[in-house]
There are 2 protein chains.
Amino acid sequence: MLLQKPTLYTDFYELTMAQGYFLSGRHQQPANFDYFFRSLPFKGGYVIFAGLSDLLEIIENFTFHEDELAYLKEQGFKSEFLSYLKDFQFQGDIYSVKEGEVIFANEPVLRVEGNILETQILETVILNTLNFESLIATKASRIKLAAGDKSVLDFGLRRSQGLGGLQASKASVIGGIGGSSNVLSGKMYDIDVSGTMAHSWVQSFGDEITAFRTYARHYPDASILLVDTYDTLKSGVPNAIKVAKELEEKGHKLIAIRLDSGDLAYLARQSRNMLDNAGLDYVKIAASNQLDEYVIKSLQNQNAPIDLFGVGTKLVTAYDDPALDGVYKLSSINGNPTLKISENIEKITLPDTKKIVRYLNEDGSFYCDGVLLEDEGEQDVVYHPHVTHKSSKVAELKSETLLSKIVDQGRVTIIPTTPKQSAAYARERLTKLNQEHKRFDNPHVYKVGVSKKLRDLKDQLVQKG
Amino acid sequence: MLLQKPTLYTDFYELTMAQGYFLSGRHQQPANFDYFFRSLPFKGGYVIFAGLSDLLEIIENFTFHEDELAYLKEQGFKSEFLSYLKDFQFQGDIYSVKEGEVIFANEPVLRVEGNILETQILETVILNTLNFESLIATKASRIKLAAGDKSVLDFGLRRSQGLGGLQASKASVIGGIGGSSNVLSGKMYDIDVSGTMAHSWVQSFGDEITAFRTYARHYPDASILLVDTYDTLKSGVPNAIKVAKELEEKGHKLIAIRLDSGDLAYLARQSRNMLDNAGLDYVKIAASNQLDEYVIKSLQNQNAPIDLFGVGTKLVTAYDDPALDGVYKLSSINGNPTLKISENIEKITLPDTKKIVRYLNEDGSFYCDGVLLEDEGEQDVVYHPHVTHKSSKVAELKSETLLSKIVDQGRVTIIPTTPKQSAAYARERLTKLNQEHKRFDNPHVYKVGVSKKLRDLKDQLVQKG
């Protein structure tokens, strides 16, 4: 379990507000909050939604324990409020898109309904979990896209942001990475783990051939030999070839060599030739060292004969854009729609209870999304949320709705998907997202419109101020 | 406790190597590993060392439990090795600089001595912990430097990299941030927590004045009113002034208003005038919204009347440089010095058991550091690690040695410092680092030299290949 006691994993103000609602007798007021993000990370065209399974586990364990209440007492919280928290359980409803779904900016992909206290108090943990895991699943998806049918593994734990590494390795799998070096994530989330040797193994033997031989003796069918400790082409690869031949004599096969420095395209080509000339065309080449989607794409464009990419820092920290800007905004209170006004027009939120409709092209690929009020029927047109003359005709298009109820009166009503299941779903959904939205450079913007009724409601509430 | 069961929080290859050493009967060979990083983050001039207390707790709890051994069995590890792990305890020695120390690139700031198995198996968790916490402490230190004597608080949990948020808030305090919104970090690490209201509080009341009044009623001496939900200057500040006056009548004082959008310099100045004109010169102004050291420096240069900065995403993810490149390298095996060769001359490591000597100027400020072999005495000159003609005269300078033993035969021999203690140490040490090394733009490079004997040993081992 990620967080055995999740209630204090929150911003202090969630608790001061909760106490304020409670003490002023307003805590039973019904409220809806939406989770959405405002801009796509990595200058990309989509996000892979992740973090839902962890979040559901957190909600199921969202009870205040004695030590936590004692701590809050020390922080000045009042005893009547602490008594309330002692019996607190989230009893609201949650609607969400599926883990692994392809999503876009400004869509309410998760909605929490309940009283204002219980919906408010979940804010921070929802944001913390969904923002990070969706960010990493998205980065992973881009890296896998660049790698095509080559394997990709996560080696990032040593540079991940502390314990965030646990979620990073898992979210990477949701986004399409094949497995991880991270053993604890493997155990917690049932993702595949692997790994063989570091430079220190080779160094510790004094000579490379003995290091390789010893490893191969203990792992005759599972050796990937790291060939760059001394000199890749003069020492590493020739020694690996020797050991591969010795393994052959005993009926085993060397799995791969690994390149971890230097010009990977050049070294892979030279190594491939050397291996092939030695009759070792089955020995694969793994490469690592500061890889991301751009370096992998370049290696692929050069037809570098690399079979497996090991990615680390750039994946697990989402290095070039290390935070998703997801927010959690009140959309109705006491049955009345509400929104957050902003001088920045793009930051004005969408009021009231909404659904997401995904409109499909003839071939089943995604055409555009529409955000509609919950009770609205079929639409002919969806509109740009704030540019008057922009709209998309959606009449007669096939469509799907993306949100479904996953928590009912506090009870989780779905079986959360495993990372591998979520990965399969993401993979399938990505095939329906057209290529131009998946491009790394200036991807075509996927349209997310709103219904006329929703836009009118928003305009009316903004006017009111 | 950060990680109750830390042994599997590791890269799979640490365990395959450990098994390899064990099965080949080499696991008792003595080995030394050094932790160091190669480049300073944020194009800055220094790093604040953090993560040590968490690491010591992890080492004290580094035992393999039944469920962990069962998982490793499923992964194909052999029963004789698993029996060994069952009784495994780290029994080596660890030397380290103090938590909060000001450190630089290519200095071995932590050294692990023991047998090759026990020293190797700690690699990942050492890197994961020290890399991230040092990164964030450093970022925090830069932000605090920009803020001068103004207060800074961490509000970043919602955008932190998953559970990494627990460490981020703590490491921020070590670097100089005054406290956090993160309640669980507060409880775990005894750091100060605080917070008041979100936009949703204000929205939920329908009108701003009622929202402010209600909050002030329940927190008459602890209110910071968020004034930008509708219109900062036309609505938020005037309403805050009203409520401040009402508080005065009851003998209380409004603590502050908070600005969270728009041009913070302009809004702060206007708000300050309005507050002062209302006789509320004691009401402070807090500001947040995508702040980092550069934005804060700009606000300070404009003399924006902001008393408290709330920083989030840019701090807790170290947004502009989200990973420290720390490594853990074998420096001796079986009593023989060793190094990792690389075509990139800067990546060649320093062999053998070493100490760090910090040379001081007359006024006690830091002049330069020298990395010497452990048994060396006073030096007249320290040398650039790979540029022949560069050296620094250190004869007759006062000096300190930075490494001390903190773990003796597996037993932690120091009382780990609290974040507040580490913060006090960091603050004191930073006063001894001259201004030009702390500059954000092109900071003067602080010199880290090596002794002649160490450089000769390195050259000799590189020659040998």
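Modeller: A salt bridge is a side-chain nitrogen of Lys or Arg within 4 Å of a carboxyl oxygen of Asp or Glu. By this rule, the count over all chains comes to 56 salt bridges. Keep in mind that this is a predicted model.

Biologist: What makes D93(A) and K405(A) a salt bridge?

Modeller: The closest N and O atoms of D93(A) and K405(A) are 3.6 Å apart. The cut-off is 4 Å, so the pair qualifies.

Biologist: Why can this pair be said to tie parts of the chain together?

Modeller: D93(A) lies in strand β3 of chain A and K405(A) in strand β19 of chain A, so the pair ties together parts that are 312 residues apart in sequence.

Biologist: Why is D93(A) called buried, and why is K405(A) called partly exposed?

Modeller: Buried means under 20% relative accessible area. D93(A) has 16%, so it is buried. K405(A) has 32%, which falls between 20% and 50%, so it is partly exposed.

Biologist: How do you know that R358(B) and D369(B) meet in a salt bridge?

Modeller: Their side chains come to 2.8 Å, N to O. R358(B) sits in strand β14 and D369(B) in strand β15, eleven residues apart.

Biologist: Are these two residues buried or exposed?

Modeller: R358(B) has a relative accessible area of 0%. D369(B) has 0% as well. Under 20% counts as buried, so both residues are buried. In chain A, R358(A) and D369(A) belong to a network of salt bridges with E101(A), E400(A) and R429(A).

Biologist: What makes E246(B) and R213(B) a salt bridge?

Modeller: Their closest N and O atoms are 2.8 Å apart. The limit is 4 Å, so they pass. E246(B) is in helix α11 and R213(B) in helix α10, 33 residues apart. E246(B) has 23% relative accessibility, so it counts as partly exposed. R213(B), at 36%, is also partly exposed.

Biologist: Now the interface. How many salt bridges does the rule find between chain B and chain A?

Modeller: Eight. One salt bridge joins E123(A) and R158(B), with the closest N and O atoms 3.3 Å apart. The rule also finds 61 residue pairs in polar contact across the interface.

Biologist: What is the area buried between chain B and chain A?

Modeller: About 7900 Å², of which carbon and sulfur atoms give 56%. In chain B, R158(B), Q161(B) and L163(B) lose the most area to chain A. The contact takes 99 residues from each of chain B and chain A.

Biologist: Why is the relation between the chains that of a two-fold axis?

Modeller: Chain B can be laid on chain A by a turn of 180° and a shift of 0.0 Å along the axis, with an RMSD of 0.0 Å. That is the relation of a two-fold axis. Among the residues of chain B, G164(B) comes closest to the axis, its C-alpha at 2.2 Å.

Biologist: How do you know that the copies meet through the same surface?

Modeller: 100% of the interface residues of chain B are also interface residues in chain A, so the surface is the same.

Biologist: One last residue. Why is R258(A) called buried?

Modeller: Its relative accessible area is 11%. The cut-off is under 20%, so R258(A) is buried. R258(A) is found in strand β9 of chain A. Its contacts include F155(A), M197(A) and Y13(B).

Biologist: What makes R258(A) and S288(A) a polar contact?

Modeller: Their side chains are joined at 2.8 Å.

Conventions:
Residues numbered from 1 in each chain as written. Chains lettered and ligands numbered in written order. Predicted model: local features only at pLDDT ≥ 70, side-chain atom pairs only at ≥ 80, totals over all residues. Heavy atoms only, no water. Helix = DSSP H or I, 4+ residues; strand = E, 2+ residues; numbered from the N terminus. Buried < 20%, exposed > 50% of the residue type's maximum accessible area, 1.4 Å probe, protein only. Polar contact = N/O pair within 3.5 Å; in protein donor to acceptor, adjacent residues only side chain to side chain. Contact = heavy atoms within 4.5 Å. Buried area = accessible area lost by both parts, 1.4 Å probe. Least-squares fit on C-alpha atoms with pLDDT ≥ 70 in both. Lists of a residue's contacts leave out its neighbours within four places in sequence.
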